[in-house]
Amino acid sequence: MTSMLGLGQQAFGQGAPKFAEVTDKVLFGDIWERPGLSKRDRSLITVAALVSLYRLEQLPFHLAKARENGLTHEELAEAITHLAFYAGWPAAASALSLLDKT
């Protein structure tokens with residue numbers, strides 16, 4: 001499993017250096033590293049939140065990260081199918097099309 005440190009700098013460092021710093025230090029350096037949940041569980045929660053909130057722009061990165069963190073394509077498809085009944089059919093359909101591209 002690869003580290004996510006430095007990704008904030010890569011994505012936002014040029015235009016929003018403080019946002020990049022907080023992303024790297026707090027989100028990826030602290031929150032994602034806390035021992036209370038596995039990275040696999042954190043990925044599943046993150047994917048569920050992004051699908052539910054229809055945040056498609058961030059979803060491809062987190063679907064790929066979920067795969068790196070041990071979730072299978074089949075598990076992610078099942079989770080998204082389950083979410084269709086809670087987050088809405090269009091959100092799930094869009095997420096599934098993105099999943100097939102990762």
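Reader: How far does helix α3 (residues 39-52) reach from its first C-alpha to its last?

Author: The model is predicted: local features need pLDDT of at least 70 and side-chain atom pairs count only at pLDDT 80 or more, while totals for chains, interfaces and linings use all residues. Residues are numbered from 1 along each chain as its sequence is written, and side-chain values use heavy atoms, with hydrogens and water left out. Helices are DSSP runs (H or I, at least four residues), numbered from the N terminus, and the expected span of a helix is 1.5 Å times one less than its number of residues. Helix α3 has 14 residues and an expected span of 20 Å, and its reach from first C-alpha to last is close to that, at 20 Å.

Reader: Within what arc do the buried residues of α3 fall, seen down its axis?

Author: The buried residues of α3 are R42, S43, V47, L50 and V51, where buried means under 20% relative accessible area, exposed over 50% and partly exposed in between (1.4 Å probe, protein chains only). The arc is taken from the directions that run from the helix axis to the C-beta atoms. These residues line one face of the helix because, viewed down the axis of α3, they fall within an arc of 165°.

Reader: Which helices do the buried residues of α3 pack against?

Author: Packing is judged here by contact, which means heavy atoms within 4.5 Å. On that basis, the partners of the buried residues of α3 are α4 (59-68), α5 (73-87) and α6 (89-99).

Reader: Which residues is S43 in contact with, leaving aside its neighbours within four places in sequence?

Author: S43 has its place in helix α3, and its relative accessible area of 2% makes it buried. Once the neighbours within four places in sequence are set aside, the contacts of S43 are W32, K65, A66, N69 and L71.

Reader: How many residues apart are E75 and R40?

Author: E75 and R40 form a salt bridge whose closest N and O atoms are 2.7 Å apart, and both are partly exposed, with relative accessible areas of 34% for E75 and 28% for R40. The pair links distant parts of the chain, since E75 belongs to helix α5 and R40 to helix α3, and their separation is 35 residues.

Reader: How many salt bridges does a search of the whole structure find?

Author: The pairs described above include E21 with K18 and E75 with R40. Over the whole structure, the number of salt bridges found is 5.

Terms used. Helices (H or I, at least four residues) and strands (E, at least two) are DSSP runs, numbered from the N terminus. A salt bridge is a side-chain nitrogen of Lys or Arg within 4 Å of a carboxyl oxygen of Asp or Glu.
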